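Please keep the sequence and the 3D view at hand while reading.

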Amino acid sequence: MTSTAQGESWRPLRSRRNLVVLAVLVVLGYISITQLRSRSGLAKTYLGGSAAGKRPLTIIRPEGPVWRFNATLDRNNHALTQAQCDASFPQLYHEIERSQKYWKSKQGKKPITKEQIDLKWSNDGGMMGMIYDQQLYITFSRGLNHFGHWKERSHATLHQIHRAILASPEPVPNIEFAIKINDVIGLTPDDPTVTIWAFSRDINDPIMDRVWIIPDFNFWSYPRVSGAYGDFQQQALSQSSDSYTAKQDLLVWRGTLAFNREIREPLLAQSDSQPWSDVKEVVEDSATDNRISMPDHCRYKYSVHTEGTTWSGRLKYLLSCHQVVFIHHLNWYTHLYHLLVPSGPHQNYVQTQDDWSDLPAKITDLVSNPAKGKKIADNAAQEFRDRYLTPAAQTCYWRRLFHVWREMSFEAEPWEYSDARDGSRQRKVRGMSYEEYV
Ligand SMILES: *[C@@H]1O[C@H](CO)[C@@H](O)[C@H](O)[C@H]1NC(C)=O
């Protein structure tokens with residue numbers, strides 16, 4: 001009985017298996033037909049995701065209407081081609097080009113070597129990574145477990161790199177690179193051949209010319225301050241509803257005096273008891289908690305940006321708020337600060353003195369000339385929120401850096417060898433895979 005039952009129960013199973021095999025064959029056949037068709041250039045489209053739904057994006061469109069970046073549709077599109085990136089963000093690569101020029105003049109035709117990025121000069125916040133065959137590896141780290149924030153920064157950076165690789169419609173090159181994720185990276189004049197990827201550079205310090213700037217960790221997320229950056233932009237958009245005039249006629253700033261007192265104290269002094277001021281110090285563990293959320297900063301027409309220990313991550317949020325941002329003279333530049341325009345028809349922020357002595361007059365001027373303020377806010381929203389600060393732009397930047405770095409640096413040796421038990425040699429890719437590391 002048991003054998004008969006088994007025999008009978010096999011028959012439907014086998015026919016079900018045949019069905020599955022048939023279904024797989026049909027799907028495979030369909031895929032190879034569509035592949036063939038797309039290779040013949042008839043259907044070179046894919047789906048680009050966006051908040052507004054899905055729409056087919058043409059990757060290469062030799063004829064027909066020109067593809068244009070549309071922030072509503074493409075803000076979070078990490079899968080733009082190099083050609084689309086270049087067309088969308090013509091001024092994005094300024095810092096990469098600056099570093100490239102600098103190192104070309106130093107190295108001539110010699111590639112940057114592994115010794116130049118080996119992190120021996122640094123004990124804090126350093127890691128080395130490698131892209132090999134479209135996979136990300138962490139090949140070395142030095143001083144990354146200093147405290148919890150370092151982990152957030154290094155992981156957020158690796159996630160961004162990984163996203164740029166995964167979403168790329170074109171292959172990214174094999175490279176090995178080094179990154180410092182701390183604020184003061186500590187480059188010294190001792191070894192002028194040392195170079196590094198970092199979040200910002202002091203534009204008044206020639207030693208920092210050696211740096212290659214990368215998008216900072218907030219472009220992934222900012223734990224305890226803001227979530228994913230793309231989500232912040234959506235919050236800012238939904239809240240402002242593009243209505244500058246509906247915002248409060250007040251200047252907002254929240255911050256601690258624990259960093260950069262020289263800049264922050266005069267700000268408090270100049271705005272003290274002014275009718276236009278909502279400038280307040282945040283004191284840790286104090287009874288009066290002046291904190292407001294990052295999206296709530298967007299409810300004001302005017303805001304202030306101040307540097308911290310080095311660069312401050314805050315500016316990417318304020319420039320997404322559709323408001324007028326007042327900024328002192330910045331020493332620390334990120335990869336996008338060359339786009340700040342202080343005057344003229346494309347003015348997108350207001351430049352102030354470092355002691356804020358001109359702040360009251362400049363605010364009063366905008367309060368009595370609402371159209372002037374609106375124009376500056378509109379420019380900032382258009383240039384930054386809807387173009388150079390989009391997540392899509394950051395991914396384009398990363399991929400351009402991968403390519404330029406490949407052009408400029410050594411060819412990474414991917415393998416490490418060991419002896420197996422039976423005495424044979426075996427090899428694996430060096431370091432630890434991204435998947436295992438994070
Ligand atoms: C961008 O896309 C949105 C949503 O489809 C559309 O309403 C808008 O007109 C587009 N903007 C431009 C400049 O094409």
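Predicted model: local features only at pLDDT ≥ 70, side-chain atom pairs only at ≥ 80, totals over all residues.

The second largest cavity takes at least three lining residues from each of two domains, domain 1 (12-88) and domain 2 (106-438). Gln82, Cys85, Asp86, Tyr93, Cys396, Arg399 and Arg400 make up the lining of the second largest cavity. Two elements contribute two or more residues each to this lining, namely helix H3 (82-88) and helix H11 (391-408).

The largest cavity has a volume of about 110 Å³. It is lined by 16 residues, of which Phe219, Lys316, Thr334, Tyr337 and Leu389 are the closest to its centre. The lining of the largest cavity is made up of 10 nonpolar, four polar and two charged residues.

From the cavities the reader may turn to the pockets. The largest pocket holds about 1100 Å³ of space. Its lining consists of 31 residues, and the closest to the centre of the pocket are Tyr222, Val225, Thr256, Phe259 and Arg314. Helix H5 (148-166) and strand S11 are the elements that give two or more residues to this lining. Of the elements, H5 gives the most to the lining of the largest pocket, with four residues. The lining of the largest pocket divides into 12 nonpolar, 10 polar and nine charged residues.

The partner of S16 can be followed residue by residue. Strand S14 (residues 324-327) pairs with S16 in the parallel sense over two bridges, and Ile327 has Gln351 in S16 as its bridge partner.

Antiparallel pairing is found elsewhere in the model. Strand S3 (residues 126-132) and strand S4 (residues 135-142) are paired in the antiparallel sense over seven bridges. In one of these bridges, Met127 is partnered by Ser141 in S4. S3 and S4 form a hairpin with two residues between the strands, where Asp133 takes a positive phi near 55°. S4 also pairs in the antiparallel sense with strand S19 (residues 432-433), over two bridges. Here Ile138 stands opposite Met432 in S19.

A further hairpin is formed by S17 and S18. Strand S17 (residues 415-419) pairs with strand S18 (residues 425-429) in the antiparallel sense over five bridges. Trp415 has Val429 in S18 as its bridge partner. Five residues lie between S17 and S18, and Gly423 in the turn has a positive phi of about 90°.

Technical notes:
Residues numbered from 1 in each chain as written. Heavy atoms only, no water. 1 Å grid on protein atoms, 1.4 Å probe; cavity = no way out; pocket = protein on both sides within 12 Å on 5 of 7 lines; lining within 4 Å. Points joined across faces, edges and corners; volume = space filled by probe spheres on them. Nonpolar A, V, L, I, M, F, W, Y, C, P; charged D, E, K, R; others polar. Domains from an automatic or database assignment. Pairing = 2+ DSSP bridges.
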